[in-house]
Amino acid sequence: MRISIIGTGYVGLVTGACLADSGHTVICVDLDPHKVEMINSAQSPIHERDLPELLRRNVGGRLSASQDLSGAVAATDVTFIAVGTPAVGGKIDLKYVEAAASEIGRALAQKTDYHTVVVKSTVIPGTTVGLVRTALESASGKSVGNGFGLGMNPEFLTEGTAVADFSDPDRLVLGGVDSRPHDVLRRIYASFDESVPRIVTNPTTAEMITYASN
C-alpha cells in the first residue's frame with residue numbers, strides 16, 4: 001500500500017522504515033528540513049538499534065521523506081499520525097495531534113479517492129473519535145465513514161528496541177470506526193506472522209489498551 005506518516009520521531013520513523021521493509025511504499029513527513037534531508041540520505045536522525053540498516057535498505061526505493069504533508073496525503077492511500085504528545089503540567093498535550101489532523105483534513109478536501117487516517121500517537125481514550133475526527137471533518141468538509149476512514153493503531157515500542165518490537169509484536173491492535181479501516185489495517189499487516197493475534201476493535205478501546213499496557 002501507499003502510506004504517509006506524519007512525524008519522524010522514534011515511533012513515526014521506525015513505523016515508516018519497518019513498513020517500507022515489509023513491502024509498502026512510505027513517505028515520512030516532518031517540518032524539520034534537516035531531518036528530511038538526513039532520512040533521504042539514509043541517515044537516521046535518532047539513535048535506534050537496527051534503524052540505520054533499514055534506512056540504507058529502503059531509502060531511494062520504497063521509503064522517502066518530505067516536508068510536504070499535503071503532497072504526501074495526495075500521493076498515498078493511508079496516513080498515520082505519529083506526532084509527539086508531550087506531558088505538560090501532568091496532562092497530555094494534544095496540540096500537535098490536532099494540528100496534524102487539521103492539515104490532513106485540508107489535504108483530504110482536495111482528494112476524490114477514499115483515504116484512511118490512522119492515529120498512531122499515544123493519546124487519551126476518546127481522542128480519535130473526538131478531537132481528531134472533529135479536526136478532520138471541519139478541515140475537509142467530509143464525514144468519517146463516507147469521505148474518509150478513521151482508525152487507531154497503537155504502538156507498543158520501547159526506545160532502543162523499537163525496530164524489534166515493531167517487527168515481532170506480541171499483538172496487533174486494529175481500531176476502526178467501521179469495517180473499512182479494519183480491512184485497511186489488516187492489509188498493512190498482512191505480511192506479519194499469522195500467529196500474531198489481531199485485536200479488532202473500535203478506536204477508543206484501542207486507545208485504552210495502550211494505557212492499560214503501559
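Student: How many residues of strand 9 (residues 172–176) are buried?

Tutor: Five of the five are buried, so strand 9 is largely enclosed by the rest of the structure. Buried means under 20% relative accessible area, exposed over 50%, and partly exposed in between, with a 1.4 Å probe and protein chains only. This is a predicted model, in which local features need pLDDT of at least 70, side-chain atom pairs count only at pLDDT 80 or more, and totals for chains, interfaces and linings use all residues.

Student: Which way do the residues of strand 9 point?

Tutor: L172, L174 and G176 point one way, V173 and G175 the other, and all are buried. Strands are DSSP runs of E with at least two residues, helices are runs of H or I with at least four, and both are numbered from the N terminus.

Student: How does strand 9 pair with strand 8, parallel or antiparallel?

Tutor: Antiparallel, over two bridges. Two strands count as paired if DSSP finds at least two bridges between them. G151 has G176 as its bridge partner in strand 9.

Student: And how many bridges join strand 9 to strand 10?

Tutor: Four, and those two strands run parallel. There, T201 in strand 10 is the bridge partner of G175.

Student: What order do the strands of the open sheet have?

Tutor: The order is 3-2-1-4-7-8-9-10, which makes eight strands with mixed pairing. Strand 3 (63–66) and strand 10 (198–201) stand at the edges with a single partner strand each, so one side of each has no neighbour in the sheet. From one strand to the next, the twist averages 25 degrees.

Student: How is strand 1 joined to strand 2?

Tutor: Strand 1 (residues 2–6) and strand 2 (residues 25–29) run parallel and are joined by five bridges. R2 has T25 of strand 2 opposite.

Student: Back to burial. Is strand 7 covered on both faces or on one?

Tutor: Both faces are covered: H115, V117 and V119 are buried on one side, T116 and V118 on the other. Strand 7 spans residues 115–119, and five of its five residues are buried, so the rest of the structure largely encloses it.

Student: Which strands does it pair with, starting with strand 4?

Tutor: Strand 4 (residues 78–81) pairs with strand 7 in the parallel sense over four bridges, and I81 stands opposite V119. Strand 8 (residues 148–152) also runs parallel to strand 7, with five bridges between them. In that pair, V118 stands opposite G151.

Student: Switching to cores. Which residues touch the most other members of the largest nonpolar core?

Tutor: F80, I188 and Y189, out of 36 residues in that core. A nonpolar core is a set of buried Ala, Val, Leu, Ile, Met, Phe, Trp, Tyr and Cys residues joined through side-chain atoms within 4.5 Å. Helix 1 (residues 10–21) supplies the largest share of this core, seven residues. A second, separate core has 28 residues, among them A100, I104, V117 and L136.

Student: What does Y189 touch?

Tutor: Leaving aside residues up to four places away in sequence, Y189 touches L19, K120, N153, F166, L172, L174 and R198. Contact means heavy atoms within 4.5 Å.

Student: Is A190 buried or exposed?

Tutor: A190 counts as exposed, at 52% relative accessibility. A190 sits in the loop between helix 8 (179–188) and strand 10.

Student: At what angle do the axes of helix 5 and helix 6 cross?

Tutor: Roughly 35 degrees, and the axes of helix 5 (residues 95–108) and helix 6 (residues 128–140) come within 7 Å. Axes are lines fitted to C-alpha atoms, for helices over the stretch in contact, with angles running from 0 to 180 degrees between N-to-C directions.

Student: What about phi of D50, positive or negative?

Tutor: Positive, near 75 degrees, in a residue other than glycine. Most residues other than glycine have a negative phi. D50 is in the loop between helix 2 and helix 3, and counts as partly exposed at 39% relative accessibility. A42 also has a positive phi, near 60 degrees, and lies in the loop between helix 2 (33–40) and helix 3 (51–58).

Technical notes. Residues are numbered from 1 along each chain as its sequence is written. Side-chain values use heavy atoms; hydrogens and water are left out.
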